[in-house]
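Please keep the sequence and the model in view while reading.

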Amino acid sequence: MVFFGKRNLVRSGRLVVFLLFILQSHHLFSQEEPRTTVEISPEKIIVGQRFDVTIFADFSSYNNVIIKEPRLPEGISLVGGPYKSAQTIRVGDQDNFQYIKKTRIFYKFKVSKSGIY
């Protein structure tokens with residue numbers, strides 16, 4: 001970074017302080033987003049075949065989760081779901097593990113048209 005004169009250096013210093021303030025306040029006031037994992041099976045899908053999408057999210061109570069109807073591209077149709085349930089998962093190694101409650105959301109789709117989605 002090259003500065004020409006004292007005036008630009010002062011402006012740049014103020015900008016850096018302002019950006020640091022914004023980043024710090026965002027960290028303090030924002031709530032942590034729940035971690036989400038998505039699994040699709042099978043990995044390779046053939047036209048006419050069905051496939052499953054399973055979403056695991058860090059919500060301990062699945063009753064509080066509201067699911068909106070997905071917007072699907074032409075060529076993919078919803079066959080079943082969404083189904084939501086509570087899931088308890090063991091996390092950690094053998095000596096140091098814990099059980100975590102997650103919410104499992106399950107969809108079943110069918111492909112009727114080839115393409116990249």
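With which residue does Lys 113 form a salt bridge? The partner is Glu 74, and the closest N and O atoms of the two are 3.4 Å apart. Lys 113 lies in the segment after S4 and Glu 74 in the loop between S2 and S3, so this pair ties together parts that are 39 residues apart in sequence. The model is a predicted one, and its mean pLDDT over the protein chain is 76.

**Confidence of the model**

- Of the residues in the protein chain, 70% reach a pLDDT of 70 or more.
- Among the elements of the chain, S2 has the highest mean pLDDT, at 90, while helix H1 (residues 5-29) has the lowest, at 49.
- Residues 1-13 stay under 50 in pLDDT, and the model gives this stretch three contacts beyond four places in sequence.
- For residues 25-30 the pLDDT is likewise below 50, with zero contacts in the model beyond near neighbours in sequence.
- Where pLDDT is low, the predicted coordinates should not be read in detail.

**Salt bridges**

- The structure holds three salt bridges, one of them being the pair of Lys 113 and Glu 74.
- In that pair, Lys 113 is partly exposed at 39% relative accessibility, whereas Glu 74 is exposed, with a relative accessible area of 65%.
- Another salt bridge joins the side chains of Lys 108 and Asp 52, at 2.6 Å from N to O. Because Lys 108 belongs to strand S4 (residues 97-111) and Asp 52 to strand S2 (residues 50-57), the pair ties together parts that are 56 residues apart in sequence.
- Lys 108 is partly exposed, with a relative accessible area of 26%; Asp 52 is buried, with 18%.
- Asp 58 forms a salt bridge with Lys 102, and their closest N and O atoms are 2.4 Å apart. Asp 58 lies in the loop between S2 and strand S3 (76-92) and Lys 102 in strand S4, so parts that are 44 residues apart in sequence are tied together.
- The relative accessible area of Asp 58 is 30%, which is partly exposed, while that of Lys 102 is 12%, which is buried.

**Aromatic residues**

- The count of aromatic pairs comes to four.
- The rings of Phe 97 and Tyr 99 have centres 5.7 Å apart and planes at 85°. The pair is therefore edge-to-face, since an angle over 60 degrees counts as such.
- Phe 97 is partly exposed, at a relative accessible area of 35%, and Tyr 99 counts as exposed, at 54% relative accessibility.
- Arg 90 lies over the face of Phe 97, at 3.8 Å from the ring centre.
- One aromatic cluster is formed by Phe 51, Tyr 107 and Phe 109.

- Thr 103 lies in strand S4 and counts as buried, at 0% relative accessibility.
- Leaving aside neighbours within four places in sequence, Thr 103 is in contact with several residues, including Ile 55, Phe 56, Ala 57 and Phe 59.
- Ser 61, Tyr 62, Val 65 and Ser 85 are also among the contacts of Thr 103.

Terms used:
Residues numbered from 1 in each chain as written. Predicted model: local features only at pLDDT ≥ 70, side-chain atom pairs only at ≥ 80, totals over all residues. Heavy atoms only, no water. Phe/Tyr/Trp six-rings, centres within 6.5 Å; stacked < 30°, edge-to-face > 60°. Buried < 20%, exposed > 50% of the residue type's maximum accessible area, 1.4 Å probe, protein only. Lys NZ or Arg CZ within 6 Å of the ring centre and 35° of its normal. Salt bridge = Lys/Arg side-chain N within 4 Å of Asp/Glu carboxyl O. Helix = DSSP H or I, 4+ residues; strand = E, 2+ residues; numbered from the N terminus. pLDDT = per-residue confidence, 0-100. Contact = heavy atoms within 4.5 Å.
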